[in-house]
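Dear colleague,

Please find the structure below. A short account of the findings follows it.

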Amino acid sequence: MNAHGFVHKYGDNVDTDVIIPARYLNTASHTELASHCMEDIDRDFVKNVKKGDIIVAAKNFGCGSSREHAPIAIQASGVSCVIASTFARIFYRNAINIGLPILECAEAAEDIRAGDEVEVDFDTGVIKNLSSGKSYKAQPFPPFIQNIIAKGGLLNSIMK
């Protein structure tokens, strides 16, 4: 499994209320959620995000409410991976449950800049910044999480 895209960069404590504001939680439509992803922190995100792009953030990404809508909005917007120094634990689990790959790597989160072209190998945990030529090593997913992500989420992994 791999990801390849351009970076949208954020700082510390990006909470679920700015990933998908509560005023949009009355819909189950992934497309509708994606159309409002990050709008309270980055009004241009939905205009600029392309399929395969990668979000890079600092500490405590996904803190706040335990809504599964947040990783769904990110994934439905086309983002292929989120890299952060650390994740809020409930966000981490919700992301894996829906099949959104996320990696913790403080060095990558600090060095990678907005607009950089990045490639991620989930099998090895290697993150390559193609813009700067630097590589970083995150902890690769264990096989059971690779299976969940490859099958598009927890429910799919146990149903298939």
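In which helix is Leu 155 found? Leu 155 belongs to helix H8 (residues 154-159); helices (H or I, at least four residues) and strands (E, at least two) are DSSP runs, numbered from the N terminus.

This is a predicted model, in which local features need pLDDT of at least 70 and side-chain atom pairs count only at pLDDT 80 or more, while totals for chains, interfaces and linings use all residues. Residues are numbered from 1 along each chain as its sequence is written, and side-chain values use heavy atoms, with hydrogens and water left out.

Leu 155 is exposed, at 62% relative accessible area (buried means under 20%, exposed over 50%, partly exposed in between; 1.4 Å probe, protein chains only).

In helix H4 (residues 69-76), the buried residues are Ala 70, Pro 71, Ile 72, Ala 73 and Ile 74. Just after H4, Gly 78 adopts a positive phi of about 110°.

The model also contains 5 aromatic pairs (rings of Phe, Tyr and Trp, its six-membered ring, with centres within 6.5 Å; planes under 30 degrees apart are stacked, over 60 edge-to-face, the rest tilted). Phe 87 and Phe 91 are stacked, because their ring centres lie 6.1 Å apart and their planes are at 5°. Phe 87 also pairs edge-to-face with Tyr 92, at 6.2 Å between centres and 65° between planes. Phe 87 is buried, with 4% relative accessibility, whereas Tyr 92 is partly exposed at 22%. Ring pairs join Phe 61, Phe 87, Phe 91 and Tyr 92 into a cluster.

Yours sincerely
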